[in-house]
Amino acid sequence: RDLRTNDLSLPPHPLSTFRHGHRTNIDASGRYHRSTRSNTTDAKPNHDASYIVSPICGGCFRSRSNGKHCAEIVSARQKKDHSSLSDAATIVGKENQDCNICDIDYCLASHFKDEKHSDQSALKKYQTKYWRFDQSTPKFTNPTSLTLTSIPSELRIPSSRFQDVGVYFQEKHNVTKSGMDFFVEYNPGLVAIPSKMEQNLPEEAVYLLSLRVTSANNCFPTSTYADLPKEVWNAVYITDTNHLGLVLLDDKYQMIPGYDVVIDAGEQLGLKTPFEGPSFMDYRLFVLNDEIYLHANADTVVVNRLSLRAKGFGDDDAYVKNTGTCVEVAAEGGAQGNWEKPCRLDNLYGGDNLQVMLMRQFNTIWSGGINGKNYALFSLPNATHPDAPDSVYAEIDIFPHHVQQILPDEFDQISKFQVFGKLWKEGTHKSRHFKMDRVNMRSVKEVGNTTESGNVPLPSFSTMDAHEDWFPGDDAPFKESAHGGACCVSFSVDELNLGGSKNNHHESLLVGIAHTKVSWKPWYSKKKVPRERKDRVPHTHYV
């Protein structure tokens, strides 16, 4: 039976015919094959393997009720009634409001609420597609790979050692006896350069890219790291070195020669505490009210405003004379570490063509507590005062969705005792002498209370991991907390209805990207675990 016109969640990808009574598996080469089903699920595989289908609505196997996965409840009901998965899911969905997405009737009615289907039985032919990851990704425009030319070649892992990089790590450790003396860069953050800064930069500069520059990496096969001696593994992963990389890009996302730099911000600000890890890591950029803000992870999330200029654009002598170095300005702040004037950051690598200023000491966003990491910062027009600056928000979490309005340039001074109370964990030392507390004591001002949104809407499409034959319930490979992302791109009502025929959008929308991590599976590096099972888990990251 050809279901090409009768399936939910239909992105523009090739479709083909389905067959009953089989399940899909993936082999080491990435190809899919069928094996006879031994359970009572109703899934049907697709020959071209772009997706598999199921009558169970996408999201059912990720929903919870009273802390318990709906998948467990459905499975228990199926065993109790000796019923099909479809029947068990529908019964559970009707009986349990939190699991109502599992009810096939509810699922179909929700998806087709704008359609004039009078015959409910006609909807039964629809199936939910569960897309392969590489088939569900958005289209890429001007894809670019780049490396910072400012990093000296002697601080690079030679490409000739990629095949035996584990041995290379051990050789490095034998020499240094501590950390690694090479750099890799990753975790990019990208913003369009605000118009107010354009006059101080090369004409072709359109974007600013940030990167984390460090020796800590996960760039090679998992087995490479699993086979390392513990002391070498520690030297690779545990490092105080986490520099900030910045580079100007043109409108095609290509690097502008001579305008990429590496900066050690923690050292210049006097925030490094020896042997206690990096001051900052995972740098990200946001444009708020036509200003560039630098976001970094420390004990929790910290934020600061940046300004850029290029050498030769404007009065270089006046810039040096009127703007002290961050080392000097931070020293003036004393033990309290407060300072509210711009300072210029010195570049560790890359020369001085690109010059970066911090506008004040970092402030700390405590809204998400000590586990805060990788918030998405965004702004919206002021609802009550249209002529005022945009209101700024921090997206604290995505599951559930938490948002807090903040004033990123203003702070409340809290005591070190209060900081200790936020960070102290039972069983650890009851004293704390970290220089980073100078920043932790500057708590970003909040406006109102944290907003928590209601239930997450039905997904417009699902991927294979949510299928009942893959990782239902507690087996889900992805962490539910946001590891990072970006928010928000605003779409007006006119933009949303552009090109469509229904004109059914009546409110503007904000679109964001939520980035979650794959939960580490202890069996992933074990050779006895079949390649087929490992290949079902996207390694490390998932958007």
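Is Glu95 buried or exposed? At 57% relative accessibility, Glu95 counts as exposed. Exposed means over 50% relative accessible area, buried under 20%, and partly exposed in between (1.4 Å probe, protein chains only). This is a predicted model: local features need pLDDT of at least 70, side-chain atom pairs count only at pLDDT 80 or more, and totals for chains, interfaces and linings use all residues. Residues are numbered from 1 along each chain as its sequence is written, and side-chain values use heavy atoms, without hydrogens and water.

**View 1. Arg77 and Glu95 form a salt bridge.** Their side chains meet at 3.0 Å, N to O. A salt bridge is a side-chain nitrogen of Lys or Arg within 4 Å of a carboxyl oxygen of Asp or Glu. Arg77 lies in helix 1 and Glu95 in helix 2, so the pair ties together parts that are 18 residues apart in sequence. Helices are DSSP runs (H or I, at least four residues), strands too (E, at least two), numbered from the N terminus. Arg77 is partly exposed, at 21%.

**View 2. Asp105 meets Lys94 in a salt bridge.** The N to O distance is 3.3 Å. Asp105 sits in helix 3, Lys94 in helix 2. Lys94 is exposed, at 53%, whereas Asp105 is partly exposed, at 26%.

**View 3. The largest nonpolar core has 38 residues.** Such a core is a set of buried Ala, Val, Leu, Ile, Met, Phe, Trp, Tyr and Cys residues joined through side-chain atoms within 4.5 Å. Leu201, Phe280 and Leu358 are among those with the most contacts inside this core. Strand 11 and helix 9 are among the elements that each supply at least two residues.
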